[in-house]
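Please have the sequence and the structure at hand.

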Amino acid sequence: MANKAVLEWVDRQADLLKPAEIVWIDGSEEQYEALRKQALSTGELIALNPEKLPGSYLHRSALNDVARVEDRTYICTPDRKDAGPTNNWLDPDEMKAKMDALYDGAMTGVTMYVIPYAMGLPDSPFAKIGIEVTDSIYVVLSMHIMTRVGSRILDILGDNPDFIKGVHAKKDLSAEDRYIVHFPQDNTIESVNSGYGGNVLLGKKCFALRIASCLGRDEGWMAEHMLILGIENPQGEVRYLAAAFPSACGKTNLAMLVPPEVYKKKGYKVWCVGDDIAWLRIGDDGRLWAVNPEYGFFGVAPGTNARSNPNALGSTSKNSIFTNVVLNLDDDTVWWEGLDKNPPENAIDWKGNPWDGKTAGEAGAHPNSRFTAPALNCPCISPELENPRGVPISALIFGGRRAKTAPLVYQSFDWNHGVFVGSIMASETTAAQAGAVGVVRRDPMAMLPFCGYNMGDYFQHWLNMGTKIKNPPKIFNVNWFRLDDEGQFIWPGFGDNLRVLDWIMARCFDEIGADTTAVGFMPKPENVNIEGLEGVSLDTVKGLLSIDKALWKEDIADIKNFYAKFDEFGTLPEELRAQLAAFEQRLG
Ligand code: GTP
Ligand code: SPV
Ligand code: MN
């Protein structure tokens, strides 16, 4: 390895972190096998049943370290304005000094692993290369599943000094000194005192969203918190869409959905291209093209079962890592709430304590317990995952978890209105981030925790992209989570969401009409296909599509408060203000 910039940077990290030794991850099975052995000997990994879950392991994180920590996540730009009102900010020099102090000697006596990896297909012109140093074998093995790793990445980088730098030290996992810090101007990410997924697998949210969103702004593309899927119709034509839902609001489930019987019989298939992140570029043909920069899934375990998401279970059938789920001692398999109705009785819960599912009062798996699984394991993985061009996107979909207000589906009037629809997204918080669960908050484009720059400028970037895409995708909003008076979900969701995607695709290809309403274009209720769907009548659909103007007016008050946050920096695009005023008028 002769890349001077890489060598110098790794040396500098070693000088600061003072590890006992440095190991470069070459991507060989022998090296991974040796690391697995070592992690098994220390308890960092627990081996699972080699027949039932070959090549798979359980990992438990520290009790105080089970989710992303948004209040400890920083964007440190020289000018505070560039971080904007929705990100934590500190002066880069000040933060650098703070991090250097925390890093000083943080790897004393342990090994520093150097992971060269690519986000995107390594050979494609759109791939971006990163190097992460870490003291965690769990991180090394998870990065191997989630990204493309190894010496071949260094070969591709050659002597190019342009790579994304990532530093991770577990240190003592102290929550008070936990920081996830981004320096976009230096393409650098620094993480300390955590061992949890999104905080430490630096290729994912830190790089492929926060840093990449800055690169996209500068280079004319977009990094979005979106799944990508293809719907193959009976004629064999595959149409693609990308959808942004906040964390734990259904991206993985939608990305791998199994069509309902009536659709299957007609010959419909769904192909998963990605479940969490999309990089979107304008193609030569004037359409928007999407690639999934990842190579694996870091999915929510609870609620995943043979009915809700058989393809996720297929993905985790081998070579996977489970984090913070239940260990069934009878056969060394794993369990989580919602997997089936037979919780193990002789088990260990996510905290490492004996647990009997028949008598336990507490959940055995953490609500944000996760699986890390190779994308190529997924029974419905699209061959286009390995296509450097990506897939052409016909629809962009926004959605959140709303008990009321948001209808099942609506379409924006045009691109700019679609950007407005994305900008006013709101959703109830989930266990994917530390803090209260079930609180409605504005989460524009599902990017509130992941936009690496001033979100007002980000809205403007979306508006600018609209002027450059000759054949832009149509933009929609969905909500699978409306509740009835008893607090039950009205819409069956999961595979049946294809019924809504079907209407969306028909709209994109001018195959169906719509009603014009104050919020946007909406399906005529009889155009939502409920054939073969038990418990859902035309009246149910009418209810799901109903617009309660009083609730929307309450929402507008909250949107105004949210927009006002940008006043300090003057970055909210005038276009969005105009869209809001027009919306208010339409509501009357
Ligand atoms: P992140 O990985 O955090 O970004 O989450 P995600 O957006 O991929 O969410 P995921 O698909 O893992 O779903 C999160 C939770 O929502 C799980 O408990 C699912 O069972 C539940 N869920 C997903 N889709 C639906 C749906 O259509 N209806 C209902 N009611 N619940 C759903
Ligand atoms: C999310 O929280 O949106 C996730 C999991 O996909 S994490 O990688 O922790 O961000
Ligand atoms: Mn996510």
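Strand β16 (residues 288–291) pairs with β24 in the antiparallel sense, over two bridges. Strands pair if DSSP finds at least two bridges between them. This is a predicted model, in which local features need pLDDT of at least 70, side-chain atom pairs count only at pLDDT 80 or more, and totals for chains, interfaces and linings use all residues. Residues are numbered from 1 along each chain as its sequence is written, chains are lettered from A and ligands numbered from 1 in the order in which they are written, and side-chain values use heavy atoms, without hydrogens and water.

| Strand paired with β24 | Sense | Bridges |
|---|---|---|
| β13 (residues 238–244) | parallel | five |
| β16 (residues 288–291) | antiparallel | two |
| β28 (residues 474–478) | parallel | five |

In β24, I397 is the bridge partner of A243, and P392 is that of W289. G399 stands opposite V478 in β28. Strand β24 covers residues 391–399, and nine of its nine residues are buried (under 20% relative accessible area, 1.4 Å probe, protein chains only).

The protein chain has 16 helices and 30 strands; these are DSSP runs, of at least four residues (H or I) for helices and at least two (E) for strands. The radius of gyration is 23 Å, close to the 25 Å of the globule rule for 588 residues, so the chain is as compact as a globular protein of that length. The radius is taken over C-alpha atoms, and the rule is 2.2 Å times the number of residues to the power 0.38. Of the 588 residues, 61% count as buried.

Methods: Buried < 20%, exposed > 50% of the residue type's maximum accessible area, 1.4 Å probe, protein only.
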